Amino acid sequence: MPRFFFHLYDRSGFVEDEEGVEAPDLEAAGAVALKGARSIISHDVEQGRLDLEGRIEVFDAAGVLVLVLPFREAAG
Amino acid sequence: MNNPLTMKLEQFAGFSPDERGILDDLVSKRRQSYAPGAVVIPEGERVDEIHLVMSGLAARSKTLPDGSRQIMAYLIPGDLCDVEVFVLEAMDHEILAVSETVCALIPARKMEAMLTDFSKLTKALWWSTMTDSAVLRERIIDHGRRDARERMAHLLYEMLIRFRMIGQAGDNSYPLPVTQDQLADATGMTPMHVNRTLKQLRHDGIVEFRQGRVTIPDPAQLKKVARFEADYLHLMRTDKGSSDVSARAGDLV
């Protein structure tokens with residue numbers, strides 16, 4: 001199964017995904033990113049902080065940027 | 001090699017040489033190795049041998065119809081995977097090998113004979129089963145009342161104590177060769193959230209991850225972040241302050 005890397009940019013700075021997560025295809029990787037973004041946004045809201053400026057950048061195993069998911073799109 | 005089952009059970013009671021012999025005999029029969037990711041016991045399986053983790057790391061897990069998964073517990077050496085199948089007909093969840101794992105297979109009739117003949121061992125096993133349930137209860141508390149950072153810290157601190165109990169992690173370092181995906185399954189978080197949480201814990205100097213091992217430079221700090229109270233582990237002999245057994249985790253509780 002292909003491996004995708006989900007780098008996170010948010011109020012905490014840059015969180016590099018060194019390990020990656022396996023997903024069948026780009027669409028499935030998009031779903032992983034969406035779920036991840038929403039989980040982080042909702043956790044921060046519970047802590048009393050709303051950060052919609054963050055984003056997740058998804059890279060494939062070859063290091064090519066295949067998707068950018070702005071938080072604003074994930075929770076808009 | 002020390003018998004990890006004895007190391008675990010002697011938290012509850014001191015054993016005579018005879019009783020130690022019985023426990024050594026239990027684990028001396030068949031051994032089976034499992035590769036990382038292999039299913040040790042599938043859900044629905046009827047088991048007539050009890051699986052005891054001797055080395056490596058396994059997980060108690062449940063897979064939902066949509067393929068998502070929850071890991072309910074990590075099983076370390078000395079943990080019994082399926083002792084409940086004595087009473088229950090079949091496994092209602094599965095056991096997975098996380099890393100290369102070796103299990104001792106204990107014939108059910110042998111275990112039953114021990115339970116009939118040795119009341120102290122029976123009580124110790126009962127204690128161990130109840131402690132396992134208490135560990136599971138903590139996962140419920142995780143989901144209800146602990147935020148991401150506390151949840152992760154609690155799991156890592158609890159694992160440290162459990163490894164200490166079986167005579168490992170004396171240097172506050174233990175094997176946790178899990179993927180971020182598996183850690184997400186164990187904490188009910190997403191891999192990205194796990195990654196961010198671990199980065200913050202690393203940044204604060206509370207934990208280090210290197211080549212499948214966790215090192216905890218300052219356990220007191222991790223304990224504080226986790227708001228950890230060790231009562232639920234029921235470390236009887238640690239409480240009593242007796243014997244070398246209590247010294248294994250005495251500084252952590």
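Predicted model: local features only at pLDDT ≥ 70, side-chain atom pairs only at ≥ 80, totals over all residues.
Which residue forms a salt bridge with R164(B), and how far apart are the closest N and O atoms? I looked that up first.

The partner is D251(B), with the closest N and O atoms 2.8 Å apart. I'm using the rule that a salt bridge is a side-chain nitrogen of Lys or Arg within 4 Å of a carboxyl oxygen of Asp or Glu. R164(B) sits in helix α5 of chain B and D251(B) in the segment after α10 (243-247), so the pair ties together parts that are 87 residues apart in sequence. R164(B) is buried at 6% relative accessibility, while D251(B) is exposed at 56%. My cut-offs are under 20% relative accessible area for buried, over 50% for exposed and partly exposed in between (1.4 Å probe, protein chains only).

Residues are numbered from 1 along each chain as its sequence is written, chains are lettered from A and ligands numbered from 1 in the order written, and side-chain values use heavy atoms, leaving out hydrogens and water.

R30(B) meets E49(B) at 2.9 Å, N to O. R30(B) is in strand β1 (residues 30-34) and E49(B) in strand β3 (residues 49-55) of chain B, so this pair ties together parts 19 residues apart in sequence. Helices (H or I, at least four residues) and strands (E, at least two) are DSSP runs, numbered from the N terminus. K29(B) pairs with D25(B) at 3.4 Å, N to O; K29(B) is partly exposed at 41%, and so is D25(B) at 32%.

Then I went to the core. The largest nonpolar core has 46 residues, and Y74(B), M159(B), I161(B) and Y174(B) have the most contacts inside it. Such a core is a set of buried Ala, Val, Leu, Ile, Met, Phe, Trp, Tyr and Cys residues joined through side-chain atoms within 4.5 Å. Helix α5(B) gives the largest share, eleven residues.

R227(B) has a positive phi of about 50° although it is not a glycine, and it is exposed at 53% relative accessible area. H234(B) is in the loop between α8 and α9 too. Phi of H234(B) is positive, near 50°, again in a residue other than glycine, but H234(B) is partly exposed at 36%.
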